[in-house]
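Please look over the sequence and the model shown here before reading on.

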Amino acid sequence: MQSSIEGGPAFAYINIDLDPGETVIGESDAMSSMAADLDLDAKFNGGFFGGLAKAFLGGESLFVNHFTNNTNGPRRVTLVQGTPGNTRAVQLNGQEYCLQPGAYIASTPGVTLGVKWAGFKSWFAKEGLFKLTVSGQGTVWYGAYGGLLEKDVDGEYIVDTSHLVAYEPQMKLNIQLAGGLFSSFFGGEGFVTRVEGKGKIIVQTRSLSGLADWVNPRLW
Amino acid sequence: MQIDVTHRPGNSAAKVTLQPGETITAEGGAMIAMSGHMQVETTTHKKGEGSIVGALKRLVSGESLFLNHFTPAGAPGEIFFGTALSGDMMEYNLNGPGLMVQGGSYVASAPSVNMDIQWQGFGKTLFSGESMFLIHLTGMGPVILNSFGAIYPIQVNGEYIVDTGHIVAFEESLTYEVSKAGKSWLSSFLGGEGLVCRFRGQGTVWCQSHNAGSFGAAIGPSLKPR
């Protein structure tokens, strides 16, 4: 399997060239184009109950698409997320990785998707009550609205609510005020997420809720 | 006539430089800036021909009811075209075979380019949830198209599938049918792909990396009801 992320950072999309017999799994509606002789099968996202859990708790689709190359040559499928922005690939080698609901785009078959309780703090941080976890062996592609900042955290770091896209599972999330009471509410920052631990976090430079907050007062 | 696409790919604009007497025709609302001595004529049809029926067809295809014709008076002039969604633009020179353009991707064209709307059938449009209206461009001369996101070309040799929301334009040499994405209809709908365009033959399809419908579905629930 060969893959490349093109069009980034503004309009990233993923070209995946499948060798004969290979499969890649993409979230619902992620396919923008593909070779006509690839097989496309919609399947529950991790079984019926698993799919339900991911759909209602993890912000993902109930079904995912399996793209399989049953021909005898390489075939291409192009996948993309719903929003403009950047996309990253992460290689899993037994470790786990946590994603913001909705960030998942595609994965290779050795990767398992799960939902875990993230807690009220996470919900308060506009990151959802549940978090999506990916684990196993293989590649996961994920993305977000805007650019993606990578930050090595050792100790603690502050991220604005709704901007955290991905983090390693040992990182602890806490919600807090951005500053004092006055500056938090009048300075426009409100609540922020405090990330604690040692590991990598990925932050999106824009957020859909930020865009919605900007658009909403202008709708009549 | 000289066309330069600037600010690619995120915020692209097309700069068109016209000699006196030269005209460019554009979709209503596409002009963002122009020389002061540019003459503007607004019609519901191609300059010198066409009818109100053609204009209505354009309206249902997701384009504006009106076309504007820009001509500099006396001296060379320039005009910039932009679009509402962020994304790339491309220039295509018609030279013989026609071009099929997805409704909404058309920005502007030279007067020597003819335009006709082709409706893809009620059932197909209804089920695909997209305006599968295509604008059929024929004749000679430059055309300016826009996209949501980046534009990537696919050289079709045989058969290729493109999601209906990702088509910008394709060469007339390709035949196409709107069909299911997977092996079964159930799989296509459950998997969220719905209808796709299946191209056959030899030619180029220009795809847009992003689907405006998907972006709308992502932001829509966060917007307050009007």
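**A sheet, a contact and a residue**

In chain B, 4 strands make up an open sheet whose order is E1-E2-E7-E4 and whose pairing is antiparallel, where strands (E, at least two residues) and helices (H or I, at least four residues) are DSSP runs numbered from the N terminus, and two strands pair if DSSP finds at least two bridges between them. Its edge strands, each pairing on one side only, are strand E1 (2-6) and strand E4 (31-34) of chain B. On average, neighbouring strands of this sheet are turned by 20 degrees against each other, direction ignored; the axes are lines fitted to C-alpha atoms, for helices over the stretch in contact, and angles run from 0 to 180 degrees between N-to-C directions. The model is predicted: local features need pLDDT of at least 70 and side-chain atom pairs count only at pLDDT 80 or more, while totals for chains, interfaces and linings use all residues. Residues are numbered from 1 along each chain as its sequence is written, and chains are lettered from A and ligands numbered from 1 in the order in which they are written.

Within the sheet, strand E2 (residues 13-18) and strand E7 (residues 77-81) of chain B pair in the antiparallel sense over 5 bridges, and Lys15(B) has Phe80(B) as its bridge partner in E7(B).

The contact as a whole takes 31 residues from chain A and 34 residues from chain B, two residues being in contact if their C-beta atoms, placed from the backbone, lie within 7 Å. On the side of chain A that touches chain B, the elements giving two or more residues are strand E4 (31-35), strand E5 (39-44), strand E6 (63-68) and helix H4 (208-215) of chain A.

Chain A has 4 helices and 15 strands, and buried residues make up 41% of its 220 residues; a residue is buried if 20 or more other C-beta atoms, placed from the backbone, lie within 10 Å of its own, exposed if 12 or fewer, and partly exposed in between. Ala106(A), in strand E9 (residues 104-107) of chain A, counts as buried because it has 28 C-beta neighbours inside 10 Å. Leaving aside neighbours within four places in sequence, the contacts of Ala106(A) include Ile14(A), Val24(A), Leu79(A) and Trp141(A).
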